[in-house]
Amino acid sequence: MVLLENDSFLTELTRLFQKCRTTGSVAITLKKYDGRTKPVPRKGHPESYEPADNKCLLRASDGKKKISTVVSLKHHVRKIGVGGWDMQIARLANVREHWLVGPILGSMYMNV
Amino acid sequence: MPYYQTWEEFARAAEKLYLTAPMKVRVVLKYRHCDGNLRIKVTDDAVCLQYKTDQAQDVKKIEKLHGKLMRLMVSKESGDHE
């Protein structure tokens, strides 16, 4: 599992979507993250980390390659949310004749 | 675990589940371009809520819910601390 910065994560996510155009699926997982970097200690041993309340973990995979990133600031949330998976789906969906998602999502990005 | 038939019911249940257990809940999106469908799952490993679609207009709704949950996770005004 590769832990990336937010911008690199978006770049790699684009590549995952492009690779899976003809076959396969892209899975994106989102979970709240408390900032721990070490495993949970055994009973009787003290926790040695500061719990963080404002982070989330984003993971993406195509079944083979796995990438992840930690999102912790509100303006990063906007960047990931807007420039992330839904834009990729919009681009791919434009290829299919019956998906008319392009104009809708295009206007959405202009408004953020 | 059945898929929800209406988006509104799914969205309401998903947000309620997240607010009940913010540290346990994960949101999984799975997109298959070759089949033309998008699935979303919200689970705390006990309850599993799923919705699937092949409609373009649902992409925007799913994106809004995903963004909303992400903002809740990143916001500092969450309820319980350890």
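1. Helices (H or I, at least four residues) and strands (E, at least two) are DSSP runs, numbered from the N terminus. The structure is a predicted model, in which local features need pLDDT of at least 70 and side-chain atom pairs count only at pLDDT 80 or more, while totals for chains, interfaces and linings use all residues. Residues are numbered from 1 along each chain as its sequence is written, chains are lettered from A and ligands numbered from 1 in the order in which they are written, and side-chain values use heavy atoms, with hydrogens and water left out.

2. Is A:S25 buried or exposed? Its relative accessibility is 15%, so A:S25 counts as buried, where buried means under 20% relative accessible area, exposed over 50% and partly exposed in between (1.4 Å probe, protein chains only). If its neighbours within four places in sequence are left aside, A:S25 is in contact (heavy atoms within 4.5 Å) with A:C20, A:S61, A:D62, B:K30, B:Y31 and B:R32.

3. The cysteines deserve a separate look. A disulfide is a pair of cysteine sulfur atoms within 2.5 Å, and by this rule the count over all chains is 0. A:C20 is in no disulfide, since the nearest cysteine sulfur, that of B:C34, is 8.4 Å away. A:C20 counts as buried at 7% relative accessibility, and A:C56 is buried as well, with a relative accessible area of 0%.

4. For chain B, UniProt places the feature "domain: SRP9" at residues 5-73, in an unreviewed entry; its positions are given in the numbering used here, feature names are shortened, and annotations may be inferred rather than shown by experiment. The end C-alpha atoms of this span lie 26 Å apart, and the span is 46% helix and 29% strand.

5. Two strands pair if DSSP finds at least two bridges between them. Strand β1 (residues 26-32) of chain B pairs with β2(B) in the antiparallel sense over 7 bridges, and within this pairing B:L29 has B:I40 as its bridge partner. These two strands form a hairpin with 4 residues between them, and B:G36 in the turn has a positive phi of about 70°.

6. Strand β2(B) is also joined to β3(B) by 6 bridges, and these two run antiparallel, with B:R39 standing opposite B:K52 in β3(B). Their hairpin has 4 residues between the strands, and there B:D45 takes a positive phi near 70°. Why is strand β2 (residues 37-43) of chain B described as largely enclosed by the rest of the structure? The reason is that 5 of its 7 residues are buried.

7. Aromatic rings come next. Rings of Phe, Tyr and Trp (its six-membered ring) pair if their centres lie within 6.5 Å, and planes under 30 degrees apart count as stacked, over 60 as edge-to-face and the rest as tilted. By this rule the count comes to 5 aromatic pairs over all chains. One of them joins B:Y4 and B:F10 edge-to-face, at 5.9 Å centre to centre with 70° between the planes; B:Y4 is partly exposed at 25% relative accessibility, whereas B:F10 is buried at 0%.

8. B:W7 and B:Y51 also form an edge-to-face pair, 5.2 Å centre to centre with 70° between the planes. This pair links distant parts of the chain, 44 residues apart, with B:W7 in helix α1 (residues 7-20) and B:Y51 in strand β3 (residues 48-53) of chain B. B:Y4, B:W7, B:F10 and B:Y51 form one aromatic cluster.
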